[in-house]
Amino acid sequence: MPLDFQAETLLAAQDVRIVFFDIDGVLTDGGVYFTEHGETLKRFSILDGYGLKLLRQAGIVPAVITGRDSKPLRVRLEALGIEHVRYGTEDKLPAAQAMLDQLGFTWAQAAAIGDDWPDLPVLARVGFAAAPANAHAEVRGVARYVTQARGGEGAAREFCDLLLTACGKYRALLDAALGPNRNPNS
């Protein structure tokens, strides 16, 4: 199914320069798995991760604010090249404000995607808020956009694609991915 975002939604997202992502329930399915030795395991979608990389290529800063901290999480975010991260942060609003101040962005230039109550203060403040399809009802209620996909199953990628379309960079990035040997009939 081709991308099909409403014009009003794209207009509302066109000035986004930084995006705050929650981890559990957005970049993962929200489940926390433990080994018999007490190690934490998480499942991340490759689609979502590539979406974050595409944002960086388009000049949009992906940032992560999460209430958890773990070795697998740090490894994944490092592999994605995410530079702006706050781990173990339950009070996410001051962390987001600090990142905005550091980078010189305003709340109007910020977007966020979250799935539960700890994300609400940031979602209520940003210029463009989103939620995965399986987010808590209160979060879906403040979101400007609710993804078709569930958290950890492409919701972040769908949101990234919306932002890339809104800023006018989606097609150029797709053409670059297809390369010079693409079928002229496609």
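Helices here are DSSP runs of H or I with at least four residues, and strands are E runs of at least two, numbered from the N terminus. The model is a predicted one, so to read it: local features need pLDDT of at least 70, side-chain atom pairs count only at pLDDT 80 or more, and totals for chains, interfaces and linings use all residues. Numbering runs from 1 along each chain as its sequence is written, and side-chain values use heavy atoms, without hydrogens and water.

**View A. A look at the second largest cavity.** α2 (46-57) gives the most to this lining, with 3 residues. The space is about 40 Å³, and Leu27, Phe44 and Arg76 are among the residues around it. (A cavity is a set of points on a 1 Å grid over the protein atoms alone where a 1.4 Å probe fits but cannot get out; lining residues have an atom within 4 Å of a point. Points are joined across faces, edges and corners, and a volume is the space filled by probe spheres set on them.)

**View B. A look at the largest cavity.** This one has a volume of about 80 Å³. β1, β6 and α5 each supply at least two lining residues, and the lining includes Phe20, Ala112 and Val122.

**View C. Strand β6 and its partners.** β6 (residues 110-113) sends Ala110 and Ala112 one way and Ala111 and Ile113 the other, all of them buried (under 20% relative accessible area, 1.4 Å probe, protein chains only). β1 (residues 18-21) pairs with β6 in the parallel sense over 4 bridges; pairing takes at least two DSSP bridges. Ala111 is the bridge partner of Val19 and stands opposite Phe128 in β7.

Key. Buried means under 20% relative accessible area, exposed over 50%, partly exposed in between (1.4 Å probe, protein chains only). On a 1 Å grid over the protein atoms alone, a cavity is a set of points where a 1.4 Å probe fits but cannot get out, and a pocket is an open set with protein on both sides within 12 Å along at least five of seven lines; lining residues have an atom within 4 Å of a point.
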